[in-house]
Amino acid sequence: MLRLLICLLLTPAAALAQGATAVQKPPASAPAAPKPAAPATAAPKSLPAGRAPARTAAPLTDDQKPVYALGLLMQRSLNQFDLSAAELDILKRALSDAAANKPAIDIDEWGPKIEAFAAARAERATAREKAASVAYLTKTAAEAGVVRTNSGLIYRDLSPGTGPSPTANDTVKVHYRGTLINGTEFDSSYKRNEPAQFPLRGVIPCWTEGVQRMKVGGKARLVCPSDLAYGDAGRPSIPGGAALVFEIELLEIIAAAPQ
């Protein structure tokens, strides 16, 4: 049980410490720094019965920010449990009860059940993600100008290149942006302001296949079914069963395969 709780807290911290290596291990998106709150405005003169004026959060001090960061890391770990708003309230209650040394249940009895609970919730979230991905892939494959290959990859040239095409044995230099089907960005070499280099045999199958269809100087959009990306396992910033969308610029073939 103790080992599970330590993993819950430290796994996202380790992910933040790793360098960005996109299609091999997309990093979890770094949490945005909290912005100073705007000055509180005067409460309206009249409010509906039983309603209190909304509070504006005070800016965090440097001493408070590590604690806030701990909360962000905990929430990232809790994503695997697919908790509802009501369940998050129960979680907050547990933290308060534990701090007061007045837990409502016996942790030795219920703690060992967390792994099975996590597995069931992960399965539920993956099934939901797969259903959404199937609908998205079907809709995208029907768009004009796209090619759906036998593997299920959906490919579209955005700006055809004029140079050579790489082979699976090549290493390429690219700029790219990766998003979930809802538009959430999980990785971008553009944001790092630095192109990435990958051996095409060392990346997800979607890239290995799709980048070979490109020519140097071109830009393409790849829509990758989960079985050509990270499958049911997902990654810290990518749900299990998720289809992924990449926009890729092929800048250069670094190491061409021997002729």
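1. Let's begin with the order of the elements. Along the sequence, this predicted model runs α-α-α-α-α-β-β-β-β-α-β-α-β-β. That pattern is made up of seven helices and seven strands.

2. Mean pLDDT for the protein is 82, with 77% of residues at 70 or more. Strand S6 (residues 219-224) has the highest confidence, at 98, while helix H1 (residues 2-17) has the lowest, with a mean of 44.

3. Please take some care at the start of the chain. Residues 1-6 stay under 50 in pLDDT, and the model gives them five contacts beyond four places in sequence. Residues 8-22 are also below 50; for this stretch the model shows 28 contacts beyond near neighbours in sequence.

4. How do the parts of the chain meet? Looking at contacts between residues at least 6 apart in sequence, 71% link residues at least 24 apart.

5. Next, burial and surface. The protein has 259 residues, and 33% of them count as buried. Its accessible surface is about 16000 Å², and carbon and sulfur atoms account for 57% of that area.

6. H2 covers residues 65-78, 14 residues in total, and spans 20 Å from first C-alpha to last, close to the 20 Å expected at 1.5 Å a residue. Which residues of H2 are buried? They are Leu 73, Arg 76, Ser 77 and Leu 78. When you view them, keep in mind that an α-helix has 3.6 residues a turn, so residues three or four places apart point the same way.

Terms used: Residues are numbered from 1 along each chain as its sequence is written. This is a predicted model: local features need pLDDT of at least 70, side-chain atom pairs count only at pLDDT 80 or more; totals for chains, interfaces and linings use all residues. Side-chain values use heavy atoms; hydrogens and water are left out. Helices (H or I, at least four residues) and strands (E, at least two) are DSSP runs, numbered from the N terminus. The expected span of a helix is 1.5 Å times one less than its number of residues. Buried means under 20% relative accessible area, exposed over 50%, partly exposed in between (1.4 Å probe, protein chains only). Contact means heavy atoms within 4.5 Å. Accessible areas come from the Shrake-Rupley method with a 1.4 Å probe; for residues, only the protein chains shown count as cover. pLDDT is the predictor's confidence in each residue, from 0 to 100.
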